[in-house]
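Please look at the model shown here before reading on, and keep it in view while you work through the points.

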Amino acid sequence: MRIGVLTSSRADYGIYLPLLKAIMNAPNIDLGVIVFGTHLFKKHGHTVDHIVQDGFPIAKTIDTTLKGDSPVDIAESYALTAQQFAQYWSEEGSTYDVVLALGDRYEMAAAVAASIPFGLKIAHVHGGETTLGAIDNIYRHSISLASCVHFVSAEPFVLRLKQLLDTPDALVFNVGSLSLENIEQIELLDKKTFFERWGIDLNQPTILVTVHPETVDYQNNQEYSAVTSEALNTLAEEYQVVITLPNADTMGNLYRNRFVETSNTHSNVFAVENFGTQSYFTCMKHAQVLLGNTSSGIIEAASFNKYVINLGDRQKGRLCGDNVIHVPFDKQRIMEATKKLKGKYWNGGNPYHQAQPSRIILDILRTHLEKR
């Protein structure tokens, strides 16, 4: 059986890791990792190097260079990605029994859209979810509609996805979140090693920040990025602030530039391009609170007993635990939430957790898609 895995960014690669390891260790399976998107950008850390270092076989790298972050740039990048993948699928698509696609990025949607005329079997991970403040919501559903098997991260998404697909007998399986399996498998760094690697002292009271643009009402990002920077400047008076820089989204450079400027202004504010999964989880473990609008705050934070201040509407509609506090892009509300959560830890479990999702996914792929 030959399984292809589409990965377009550091984010989906980090989630895939347990499944990639399971596929690599399984007998009679040939893995081919198809690398594109920001993995190949120096600006975003050239994270294809991590895939090589981790020892996974790269079947193809596809350059879908993004010129900028305007709506026109995003649309043109989508078109270029689809064009490049049309050529690849015409040459190699028939060699795959199934191709895995994860999440909701526009690059991922373009790669999957190009596969439709070739009749490839796509398996979608993390379908059925809702993020009303991001255009990714549309891309996620489009990937689901093009897929023949679906691995969702929580039970409510099974019914929602079957309704979307309008197919009561669709192959939809609740397997939990792959990223939580990472927490069980990856040995985290101690504080000393983390400091030696990043120059960040996690003995200091720390806020971990990840903020991406809102891509539905993208015109508001000028205001939202300014409010976030103002809040971080004030928080830096009391906390060490660690910022992971945003994805390649519409107006992402606006946030990126403000965050870099903030880190250059304060000695205790750090802007990090790419932690990698091990260091990111290490920082999350030792942070006092998370601030931002990223899926890791919604999904992984509860497993580290962390409260999360979720900003704005990017994740609106997503299943959340009670550890997630929803706050608008308003400096005063951000400061009030941070003060309220100071010194508090979450002990209420994680709605996305299930045991061994990678093993379950692999068993289902073999049962339903392996050629007999």
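## Cysteines

Cys 283 has a relative accessibility of 0%, so Cys 283 counts as buried. The model is a predicted one, and the notes below are grouped by topic.

- Cys 148, by contrast, counts as partly exposed, because its relative accessibility is 29% and partly exposed residues fall between the 20% limit for buried and the 50% limit for exposed.
- A disulfide requires a pair of cysteine sulfur atoms within 2.5 Å, and by this rule the count of disulfides comes to zero.

## The chain as a whole

- The protein chain has 14 helices and 13 strands.
- The radius of gyration of the protein chain is 20 Å, close to the 21 Å that the globule rule gives for 372 residues, and therefore the chain is as compact as a globular protein of that length.
- Taken along the principal axes, the box filled by the C-alpha atoms of the protein chain is roughly 60 × 40 × 40 Å.
- Of the 372 residues in the protein chain, 56% are buried.
- When contacts between residues at least 6 apart in sequence are considered, 72% of them in the protein chain join residues that are at least 24 apart.
- The accessible surface of the protein chain comes to about 15,100 Å², and 49% of this surface belongs to carbon and sulfur atoms.
- The protein chain carries 32 positive and 40 negative side chains, and the centres of these two sets lie 3 Å apart.

- Most residues other than glycine have a negative phi, which gives a background for the next two residues.
- Asn 28 is a residue other than glycine, yet its phi is positive, near 60°.
- Asn 28 is found in the loop between helix H1 (10-25) and strand E2 (30-36), and Asn 28 counts as exposed because its relative accessible area is 68%.
- Asp 166 is not a glycine either, and its phi is positive at about 55°.
- Asp 166 sits in the loop between helix H6 (156-165) and strand E7 (171-174), and its relative accessibility of 67% is why Asp 166 counts as exposed.

## Buried residues in helices

- Which helix holds Ser 296? Ser 296 lies in helix H12, which covers residues 295-299.
- Ser 296 has a relative accessible area of 7%, so Ser 296 is buried.
- If neighbours within four places in sequence are left aside, the residues in contact with Ser 296 are Tyr 280, Met 284 and Ala 301.
- Ser 296 and Gln 87 are 209 residues apart in sequence, and their C-alpha atoms are 34 Å apart in space.
- Thr 277 is found in helix H11, made of residues 276-286, and Thr 277 is buried because its relative accessible area is 17%, which is under the 20% cut-off.
- Leaving aside neighbours within four places in sequence, Thr 277 is in contact with Gly 14, Leu 17, Asn 182 and Ile 186.
- Along the chain, Thr 277 and Cys 148 are 129 residues apart, and their C-alpha atoms are separated by 29 Å.

## Two further loop residues

- Is Gly 127 buried or exposed? Gly 127 is buried, with a relative accessible area of 1%, and its place is in the loop between strand E5 (122-125) and helix H5 (136-145).
- Not counting residues up to four places away in sequence, Gly 127 touches Arg 140, Ser 144, Phe 151, Val 152, Phe 157 and Leu 161.
- Pro 205 has its place in the loop between helix H8 (191-198) and strand E8 (206-210), and Pro 205 counts as partly exposed because its relative accessibility is 35%.
- Pro 205 touches Tyr 239, Gln 240 and Gln 288, when residues up to four places away in sequence are not counted.
- Pro 205 and Ala 287 are 82 residues apart in sequence, whereas in space they are 7.0 Å apart, C-alpha to C-alpha.

How values were computed: Residues numbered from 1 in each chain as written. Predicted model: local features only at pLDDT ≥ 70, side-chain atom pairs only at ≥ 80, totals over all residues. Heavy atoms only, no water. Buried < 20%, exposed > 50% of the residue type's maximum accessible area, 1.4 Å probe, protein only. Helix = DSSP H or I, 4+ residues; strand = E, 2+ residues; numbered from the N terminus. Rg over C-alpha atoms; globule rule 2.2 N^0.38 Å. Contact = heavy atoms within 4.5 Å. Areas by Shrake-Rupley, 256 points an atom, 1.4 Å probe, with all protein chains shown as cover. Lys, Arg positive; Asp, Glu negative; His and termini not counted. Charge placed at Lys NZ, Arg CZ, Asp CG, Glu CD.
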